[in-house]
Amino acid sequence: MRKLVYYVASSLDGFIAAPDGSWDFFGPVHDDLGAFITDRYPETLPGAREKRVFDTVLMGRGTYEPALKAGVTSPYAHLDQYVFSSTIDPGIDPAVTVETGDPVAFVRELKQRPGRDIWLCGGGALAATLRDEIDEFVIKLNPVLAGNGIRLTTSPYDPRRLTLLEATPLGASGVVLLRYGLADG
Ligand SMILES: NC(=O)c1ccc[n+]([C@@H]2O[C@H](COP(=O)([O-])OP(=O)(O)OC[C@H]3O[C@@H](n4cnc5c(N)ncnc54)[C@H](OP(=O)(O)O)[C@@H]3O)[C@@H](O)[C@H]2O)c1
């Protein structure tokens with residue numbers, strides 16, 4: 001069955017964005033990180049032509065909005081795009097499906113359909129709702145302390161142990177790519 005993969009950049013202290021939603025604190029994308037993404041997850045780059053892992057992307061409204069503010073209504077046109085929101089116009093773009101229902105039920109149904117893995121793009125609120133449906137975490141761990149901001153997931157305290165699948169230091173950027181799966185396989 002296809003997996004739900006939360007593929008996301010995080011600070012060392014677990015933040016995916018600043019309190020105002022910006023992400024400048026990660027700094028510019030270093031060549032080594034760019035090369036890694038292009039090689040392993042090319043479809044996570046806007047305008048990509050090649051798909052290696054994902055054919056579908058899920059976004060919360062907060063994750064979709066920066067693109068919207070920049071005038072981009074279909075940021076990942078090469079993927080099946082779903083945005084969870086009760087406030088965005090469902091007709092915003094023919095290439096984007098705005099989902100108003102329960103993300104958990106939606107993901108369970110989506111996993112039954114044939115296809116590549118499903119990219120949970122973010123953000124922290126949607127990841128919290130979908131936490132128990134996530135099969136794999138791919139964290140681009142950046143050597144920066146944000147101090148505060150938007151957390152990787154906004155879940156309440158509820159520890160869950162995972163299994164390390166991969167740890168790849170990328171080089172001069174100091175970014176470490178961490179891949180974790182479910183503890184029981
Ligand atoms: N570092 C990274 O790689 C990365 C990746 C992605 C995002 N981000 C950042 O994360 C931030 C957005 O994260 P966020 O946590 O604020 O928002 P989010 O999870 O992207 O979106 C939350 C919104 O999704 C909608 N939603 C609908 N059903 C939901 C449900 N059951 N559970 C949760 N949300 C539901 C709601 O929109 P309505 O109010 O319209 O109903 C809710 O306000 C942005 O700043 C973005 O830049 C960073």
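These are my notebook entries on a predicted model.

**Entry: the sheet**

I began with the strands. I found an open sheet of 8 strands with mixed pairing, and I wrote down its order as S5-S4-S3-S6-S1-S7-S10-S9. Next I looked at the edges, where strand S5 (96–99) and strand S9 (162–169) stand. Each of these two has a single partner strand, so one side of each is left without a neighbour in the sheet.

I looked up how strand S1 (residues 4–11) pairs with strand S7 (residues 136–142). The two run in the parallel sense and share 7 bridges. For Tyr7 I traced the bridge partner in S7, and it is Val138.

I then turned to helix H2 (residues 61–69), which packs on the sheet. H2 touches strand S3 (54–60), strand S4 (80–84) and strand S6 (117–122). The direction of H2 makes about 95° with that of S3.

**Entry: the core**

Which residues have the most contacts inside the largest nonpolar core? I listed Val5, Tyr6, Val57, Leu58, Trp119 and Leu120, in a core of 33 residues. The elements that give two or more residues to this core are S1, S2, S3, S4, S6, H4 and S7. S1 supplies the largest share, 5 residues. As a general note, nonpolar side chains in soluble globular proteins tend to be buried together.

Leaving out residues up to four places away in sequence, Trp119 touches Val5, Tyr7, Thr44, Phe54, Thr56, Val57 and Leu58.

**Entry: around the ligand**

How many residues surround the ligand? I recorded 25, and the closest are Gly21, Gly60, Gly62, Gly122 and Gly123. The elements that give two or more residues to this shell are S1, strand S2 (15–17), H2, S6 and helix H4 (124–129). By type, the shell divides into 13 nonpolar, 11 polar and 1 charged.

**Entry: Asp158**

Last, I checked a loop residue. Asp158 lies in the loop between strand S8 (150–151) and S9. Is Asp158 buried or exposed? I put Asp158 down as exposed, because it has 9 C-beta neighbours inside 10 Å, and a residue with 12 or fewer counts as exposed. I also looked up its separation from Val107: Asp158 and Val107 are 51 residues apart in sequence and 21 Å apart in space, C-alpha to C-alpha.

How values were computed: Residues are numbered from 1 along each chain as its sequence is written. This is a predicted model: local features need pLDDT of at least 70, side-chain atom pairs count only at pLDDT 80 or more; totals for chains, interfaces and linings use all residues. Two strands pair if DSSP finds at least two bridges between them. Helices (H or I, at least four residues) and strands (E, at least two) are DSSP runs, numbered from the N terminus. Two residues are in contact if their C-beta atoms, placed from the backbone, lie within 7 Å. Axes are lines fitted to C-alpha atoms, for helices over the stretch in contact, and angles run from 0 to 180 degrees between N-to-C directions. A residue is buried if 20 or more other C-beta atoms lie within 10 Å of its own, exposed if 12 or fewer, and partly exposed in between; C-beta atoms are placed from the backbone. A residue is near a molecule or strand if its C-beta atom, placed from the backbone, lies within 6 Å of it. Ala, Val, Leu, Ile, Met, Phe, Trp, Tyr, Cys and Pro count as nonpolar, Asp, Glu, Lys and Arg as charged, and the others, Gly among them, as polar. A nonpolar core is a set of buried Ala, Val, Leu, Ile, Met, Phe, Trp, Tyr and Cys residues joined through C-beta atoms within 7 Å.
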